[in-house]
Amino acid sequence: MADLPRYLVNCLQTGKLALLAILVSGGIVLQILSCALYNNWWPMLSLMMYVLLPMPLLFFAGSEATSIFSESTSGWADATKFLTGASAVGSIAIPVILKHAGVIGWGALAMTLSSFFIFVLAIVCFIQSNSDEYYSSF
C-alpha cells in the first residue's frame, strides 16, 4: 500500500473499521432476534460466554495479539489459551445443550450459532487488520 496516495489508504482503513462495526452489529442483531422471534430468551445465556471470552486474554496475554498464535513455554500463556478455548466451546455448547433439552427451537439455534460465527469473523478481521504493516509505519 506504499504506492497508494495517503487519502486512499485512509479511506481503505476507514472501510475496514466500518466492516468490523457492521459485523459486530449484525452479530448482536442475530443474537437478539434469536430470542425475540421465538419469544424465548434462553439463547441469551450464550451472551454470558461472549463477555467471558476475552477476559483471559485481557488479564494474562497483554497487548500482543500475536502471542495467542505463538508457541509458548509460559504457564500463564497456556492457561490463557485454555480458558479462552473453554469459553469458545461454551459459546457453542450452551445453545446446543438448550436445543437438546428442548428449551429452544432449530431457528433460535441457527441464529445463535450464526451470531457466534459472525463474532468470530469480526475478531479474526480485527486481529488481521491490527497486524498490517500500515499501522507500524507511522
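Modeller: What follows is a close look at one helix pair and a residue in a nearby part of the chain order. This is a predicted model, in which local features need pLDDT of at least 70 and side-chain atom pairs count only at pLDDT 80 or more, while totals for chains, interfaces and linings use all residues. Residues are numbered from 1 along each chain as its sequence is written, and side-chain values use heavy atoms, with hydrogens and water left out. Helix α1 (residues 6-36) packs with helix α5 (residues 106-130) at an angle of about 160 degrees, their axes lying 8 Å apart; helices here are DSSP runs (H or I, at least four residues), numbered from the N terminus, and axes are lines fitted to C-alpha atoms over the stretch in contact, with angles from 0 to 180 degrees between N-to-C directions. The two are therefore roughly antiparallel, a term that applies to angles over 145 degrees. To this contact (heavy atoms within 4.5 Å) α1 brings residues including K16, L20 and G27, and α5 brings residues including M111, F119 and C125. Its residues divide into 14 nonpolar, seven polar and one charged, where Ala, Val, Leu, Ile, Met, Phe, Trp, Tyr, Cys and Pro count as nonpolar, Asp, Glu, Lys and Arg as charged, and the others, Gly among them, as polar.

W41 is found in the loop between α1 and α2 (45-52), and is partly exposed, with a relative accessible area of 48%, the class between buried (under 20%) and exposed (over 50%), using a 1.4 Å probe and protein chains only. Not counting residues up to four places away in sequence, W41 touches I32, C35 and A36, while its C-alpha atom is separated by 9.7 Å from that of A108, 67 residues apart along the chain.

How values were computed
Angles under 35 degrees count as roughly parallel, over 145 as roughly antiparallel, 65 to 115 as roughly perpendicular and the rest as oblique.
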